[in-house]
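Colleague: I'm new to this one. Can you walk me through it?
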Number of protein chains: 2
Amino acid sequence: MAVKLSWVESANDPQTDFPLGNLPFGVFRRSDGLARLGVAIGDQILDLQATVASGLLAQTDVEISRCCETDSLNALMALGREAVSKLRTHLMDLLSDRGARARVEPALAPQAGAEMLLPAQIGDYTDFYASVYHATNVGRLFRPDNPLLPNYKHVPIGYHGRASSIVVSGADIRRPCGQTKPADAEVPSFGPTRSLDYELEVGFFVGKGNARGEAIPIAEAESHIFGLCLLNDWSARDIQAWEYQPLGPFLAKNFATTISPWVVTMDALEPFRVPAFARAEGDPEPLPYLTATEDRARGGIDLKVEAWLRTARMRAENAPPVKLSQGNLRDLYWTLAQMLTHHASNGCNLQSGDLLASGTVSGATRDSLGCLLEITRRGAEPLQLANGETRKFLEDGDEVILRGYCQREGHPRIGFGECRGIVLPAHPC
Amino acid sequence: MAVKLSWVESANDPQTDFPLGNLPFGVFRRSDGLARLGVAIGDQILDLQATVASGLLAQTDVEISRCCETDSLNALMALGREAVSKLRTHLMDLLSDRGARARVEPALAPQAGAEMLLPAQIGDYTDFYASVYHATNVGRLFRPDNPLLPNYKHVPIGYHGRASSIVVSGADIRRPCGQTKPADAEVPSFGPTRSLDYELEVGFFVGKGNARGEAIPIAEAESHIFGLCLLNDWSARDIQAWEYQPLGPFLAKNFATTISPWVVTMDALEPFRVPAFARAEGDPEPLPYLTATEDRARGGIDLKVEAWLRTARMRAENAPPVKLSQGNLRDLYWTLAQMLTHHASNGCNLQSGDLLASGTVSGATRDSLGCLLEITRRGAEPLQLANGETRKFLEDGDEVILRGYCQREGHPRIGFGECRGIVLPAHPC
């Protein structure tokens with residue numbers, strides 16, 4: 001298959017995250033200080049407001065154009081999958097048609113000079129727990145006798161996270177204070193967490209929502225997903241261990257969640273769809289409301305995700321980050337469609353711009369564990385870095401960088417960009 | 001002390017929830033269809049937009065007037081406690097000064113003809129678990145060997161709830177479907193909940209927020225609380241029992257939460273402040289970040305709360321609702337200030353309009369249990385209603401009505417109005 005090229009030269013670089021076949025959506029600020037929608041192409045951003053202003057979207061319907069002039073993706077998300085596909089196809093034409101170049105080029109802005117913002121106003125944020133490897137590994141550490149609870153293979157387990165503290169890649173992360181009680185302590189104490197961790201996750205945004213009281217059938221679930229991003233669910237393991245029973249994680253997680261700024265559409269991921277996770281022999285079949293032939297056949301996404309670490313020392317020595325792990329979204333026990341359908345199965349109303357996340361993406365192997373809790377077995381086996389440093393958990397000045405991409409013979413690489421954050425020392429507490 | 005009277009006659013009725021000393025804030029819609037802010041006075045609403053338009057708030061500063069012209073309380077909440085006190089005092093003057101009557105009266109609208117809306121755009125919703133009686137009773141049912149977990153008396157336990165499904169009093173509640181697995185079943189099944197319950201709670205709105213990464217000292221916590229409302233945390237107990245481990249309640253709760261429309265300010269509750277819950281001998285002292293002399297001395301609120309039930313048959317027979325229980329907010333183990341300070345202690349940013357809730361308000365006695373789970377001991381001891389009906393949990397057509405009020409010799413009664421909802425049959429699932 002011949003790969004269609006763009007007249008934006010950087011988009012044809014085989015190493016770019018943002019070829020013509022990707023066109024992820026985001027929100028950015030130009031030097032005028034105003035937030036506007038954009039689409040990443042190579043090392044540039046196509047400014048959608050400028051595109052509309054130049055009359056380049058005249059063929060697209062009025063509703064779509066209007067959404068391109070807002071300052072968040074929510075309105076576009078609400079239009080639904082078909083409208084977004086139509087817009088994306090139109091943008092692809094503009095960015096590949098050399099005849100359009102002169103008219104489109106003024107609407108480009110270099111990514112290097114743009115400030116990326118949160119792509120949407122996130123009403124509610126829900127984090128799932130869809131990696132059976134992660135659930136088992138973590139379960140073993142917190143409950144050695146009882147690692148995987150009996151509901152896990154029946155229920156896509158999830159919980160509500162905090163929307164207000166979701167930040168975009170690049171925002172600093174202040175080490176949180178909290179109550180902890182080591183096993184050997186009589187009483188708890190309050191202070192900076194000693195077990196700050198990242199979690200390598202993938203987020204997905206709700207496109208069209210559902211009304212309160214109405215479910216979303218599994219066969220329709222994907223039409224309610226706008227697209228995906230990378231997500232770091234920063235976690236304080238010592239706070240978590242002491243607070244999480246019986247109502248789940250709270251302050252251990254809600255101080256910050258970082259997402260990558262570009263939302264990769266389901267359309268862009270189309271060539272990388274794979275069968276849903278193969279359940280082990282003896283595993284229960286999902287209940288009918290979570291079962292669809294189509295979802296079983298191609299509910300998975302072959303999306304590689306990686307976590308990298310750059311310590312303060314590495315920065316000072318101008319050394320590159322080191323890779324901590326690599327996983328794949330296809331290893332999730334539950335599909336995105338199953339998570340979304342489960343979420344709405346009780347009539348819970350999902351709204352455009354709501355963010356759902358996969359939970360830590362861990363795989364079966366030692367090099368595919370998506371957080372330090374698993375990698376260092378709760379600090380028992382510290383990580384040896386090549387420069388001589390060691391880590392049980394994150395230290396002040398550490399930068400965590402998440403990356404993600406789809407790659408397959410005959411298709412341009414579809415990348416997610418980066419999701420970064422540096423840990424700042426705790427305030428006195 | 002002589003009680004100041006209003007020229008709005010209905011506000012001087014000793015039985016009204018809304019005397020001059022209350023003046024709770026809300027959002028309502030008049031016949032023109034537009035949402036606007038209002039303050040309840042007797043059986044009337046003072047339309048704040050109309051009040052501003054008539055120049056009656058000219059003495060108040062411009063910022064406050066501007067907030068009164070929006071369609072949600074968020075902006076006013078963000079101004080902080082002092083600004084709201086100033087506005088409320090000014091409104092109190094207008095509504096008591098007979099000389100102002102002719103100018104103010106055109107801004108009144110009867111409550112009977114108004115549609116009440118959600119008072120704020122709720123960014124995040126957090127539910128606590130602050131009644132030690134409730135936590136112990138529920139713990140005993142779910143974990144007979146281990147009712148009250150070791151963290152309870154140290155940590156104000158809470159979890160994130162769903163903001164999108166918070167509805168205002170009067171909205172119908174669709175019985176949710178979900179996965180359940182009775183103890184004697186081999187595998188779970190999907191269907192309408194058989195254990196629909198209410199939870200009698202009190203909600204409180206965040207006024208001024210805090211920046212991400214910054215805590216809120218306990219001594220300042222109350223200045224971040226705008227006011228209180230009643231809250232019904234509808235719960236499906238069978239779904240909850242199967243899903244809640246290890247990440248807490250999710251679909252068992254997030255299908256709907258009902259709140260009363262009027263937000264009673266902390267100023268209005270001033271005369272009803274009482275010492276914080278007296279900890280039993282041997283109970284640990286709260287950690288220093290949760291301790292303040294002032295909070296200990298008057299962190300409690302003597303607020304009576306009641307749950308009432310009106311079944312479909314009672315409605316058909318024109319019979320009044322029956323009271324299920326009555327509790328008191330002063331019986332909470334943790335104060336509102338402690339919950340708020342704990343929430344922000346890790347730097348989690350609370351935003352104006354965020355809603356926090358107490359958790360089920362249960363007391364020590366049999367008649368003060370705030371949900372059917374406790375009252376019927378998970379259905380084991382069905383409730384006998386006077387008309388011959390029985391209830392283990394809620395049935396279709398049941399209406400739950402929450403009420404709340406402060407009452408004390410020499411002070412007008414400060415009421416909360418009502419928080420109502422009728423259960424509709426499940427959709428086929």
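Modeller: Strands (E, at least two residues) and helices (H or I, at least four) are DSSP runs, numbered from the N terminus. This is a predicted model, where local features need pLDDT of at least 70, side-chain atom pairs count only at pLDDT 80 or more, and totals for chains, interfaces and linings use all residues. Residues are numbered from 1 along each chain as its sequence is written, and chains are lettered from A in the order in which they are written.

Colleague: What order do the strands of the open sheet in chain B have?
Modeller: The order is β9-β26-β25-β20-β21 (chain B), five strands with mixed pairing. β9 (173-174) and β21 (322-328) of chain B stand at the edges. Each has a single partner strand, so one side of each is left without a neighbour in the sheet.

Colleague: And how many bridges join β9(B) to β26(B)?
Modeller: Two, and these strands run parallel. Ile173(B) stands opposite Val423(B) in β26(B).

Colleague: What about chain A, which strands are at the edges there?
Modeller: β9 (173-174) and β21 (322-328) of chain A, each pairing on one side only. Look at β25 (residues 399-408) and β26 (residues 411-424) of chain A too: eight bridges join them, and they run antiparallel. One bridge pair there is Arg403(A) with Glu418(A) in β26(A).

Colleague: New topic. What rotation superposes chain B on chain A?
Modeller: A rotation of 180°, with 0.0 Å of shift along its axis and an RMSD of 0.0 Å. The two copies are thus related as by a two-fold rotation axis.

Colleague: Now pockets. Which residues lie nearest the centre of the largest pocket?
Modeller: Gln121(A), Ile122(A), Gly123(A), Ile122(B) and Gly123(B), out of 27 lining residues. A pocket is an open set of points on a 1 Å grid over the protein atoms alone, where a 1.4 Å probe fits, with protein on both sides within 12 Å along at least five of seven lines; lining residues have an atom within 4 Å of a point.

Colleague: And which helix gives the most to the lining of the second largest pocket?
Modeller: Helix α7 (residues 237-243) of chain B, with five residues.

Methods: Side-chain values use heavy atoms; hydrogens and water are left out. Two strands pair if DSSP finds at least two bridges between them. Copies are superposed by least squares on the C-alpha atoms of residues with pLDDT of at least 70 in both.
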